[in-house]
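Hi,

Here is the structure I promised to pass on.

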Amino acid sequence: MRVKLKNSRIEKHHIEDFVGRTYMSFCVLLLITIIVSMVYFVASKGISTFTSGDVSVSDFLFGTKWSPEADTPSFGAFPFIAGSFLVTLLAALIASPLSLCAALFMTEIVPGWGKKLLQPVIELLAGIPSVVYGFIGLSVIVPFLRNNLPGQGIGVAAGALVLSVMILPTITSVAADALASLPQNLKESSYALGATRWQTISRVIIPTTFPAIMTGIVLGMARAFGEALAVQMVIGNAPFVPKSLFESASTLTSVITLGMGNTTMGSAHNNALWSMALVLMLMTFVFVFFVRLLERRNKI
Amino acid sequence: MKPRTVNKIATSLIVFFAMLIVAILVGLLGYILFRGISHISWDFLFSAPQKIRAGGGIGPQLFNSIFLLVLTLIITVPLGLGAGIYMAEYARPGKITSFIRLIVEVLSSFPSIVVGLFGLLLIVNYFNLGFSLISGALALTVFNLPLMVRITEQAFRSVPKQQKEAGFALGLSKWKIVTSVLFPVALPTIITGTILSAGRVFGEAAALMFTAGMSSPRLDFTNWNPLSPNSPLNPFRPAETLAVHIWKVNSEGIAPDAAQIAAGASAVLVIMVLIFNLAARYFGRFIYRKLTASKRMN
């Protein structure tokens, strides 16, 4: 009798264990299913431009003429690819030094209240939704640029400025984490040698944490590259390669945002938009690859 | 130049730029709230939008945003918990585990517009759910799930190892340890993270434009039958959220007071995000205090 009772008790927690494990495996399998189906569906749609139509990959990637509704349509997406890369790089150039300063302020200059002050600021900046950034860009940055600089205000410069504020929190938090996890004795030995704070920062701290800081920048660029609505609101959406920073341009995301609702599924124009989504997806893989590469360097 | 002078210049530059960021945030929040709050009234919060005339509100959009958030959390929280616990407690280091980790990383860095397009293709068209709340919630699930997995994994990993070992020493099964030893300790972190991720989902627009749609039917707030087409609770109706509404008003709004509506709606959105932030802090601390206080034996 007692033995039987014991057996049934073992069975009960075995069953619990089994159910828990099954449930968790289901969750993990779901994650894998999502990503596989995402890659499959977006890729199969994106490739159809090249398989069914008479657009070649190089025409699409390097052609500069975008007129999908013309009698002899041409689908050169180069202006949008160039626009995406341009605003992303500019945003990273503006945001990186600022973020690095914020991170240094939090960890090296006034570690106590500096962190207390900047941590919530960074969190709030990260929390402001992208459409609100677009709205502010449209009602503050664009008029400012229009009144003080050549051009209409909308354009590459406005897009880059909006994006740089959006990616500030990403870069800052990654950089601050890296700086905070630096072994204390590295800094102490530098100070012991009589180095000033700036010498310590520039010759010891930044070189050691460089891969981690780069990781933050790449993550920020990934965010900037994929951001759709905020950029679409301020960049002007002209299908040309911009000749100056104050000219309007387009990004891959802004063209998809505007075009996807107005084209019918399966048309050549629609398929070209899917090909752009495929380019976006492939760029995500590239960014993740770089992040992994940098993280591996960081470990050594 | 003397190193000391360089040091002083560099330090003041760093302080200047750090303060500039604080100034940017204060300026942004001040601008949004200053411009928007004067436009917020009960009427604005609860009335339906107008297409051509002035005086439209954001009632249905606000309701849609909150309802969509609730639907999304109902789907993502249990799934994210499961996968997160697996990653933290069960996964052995190896090829499969690092593959899953890669998936979570890739999934969380996909641009939200790509997630929206995927939703359009698979959920809206292929599964034929149409532009609806449920399509939006499923797209947001793709968006939110990797976040939840990460939050759960980090929360479980930050539990002291001794607690787990104490459980093993008592002869508990692994599942029992996870559910009744580790989970309560990890809970405050999970709740804080979930509320913060809710703030992000609340402001999301690009993924919803192509899944939840860009229009709202006339809602009858006295009709609570979830199957009727103009009931607010019907998950199969199209739903424009607040963030999508701001985008639409800014880029194609033709009402004469479109700018004010955008300002008011932005202020509401930002205030909601602020509330999520404060709630995350408060709840996390509150639950942590409760858990630790009840354990203080001496």
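Below is what I found, starting with one chain and moving on to the contact between the two.

This is a predicted model, in which local features need pLDDT of at least 70 and side-chain atom pairs count only at pLDDT 80 or more, while totals for chains, interfaces and linings use all residues. Residues are numbered from 1 along each chain as its sequence is written, chains are lettered from A and ligands numbered from 1 in the order in which they are written, and side-chain values use heavy atoms, with hydrogens and water left out.

Chain A has 11 helices and 2 strands (DSSP runs: H or I of at least four residues for helices, E of at least two for strands). Its C-alpha atoms fill a box of roughly 85 × 70 × 35 Å along the principal axes. Of its 300 residues, 52% are buried (under 20% relative accessible area, 1.4 Å probe, protein chains only).

Now the interface: 72 residues of chain A and 76 residues of chain B are in contact (heavy atoms within 4.5 Å). Between the chains there are 2 salt bridges (a side-chain nitrogen of Lys or Arg within 4 Å of a carboxyl oxygen of Asp or Glu). A:Glu123 forms a salt bridge with B:Arg281, with 2.7 Å between the closest N and O atoms. On the side of chain A that touches chain B, helix H1 (residues 2-52) gives the most, with 20 residues.

Happy to talk it through!

Best wishes

Key:
Buried < 20%, exposed > 50% of the residue type's maximum accessible area, 1.4 Å probe, protein only.
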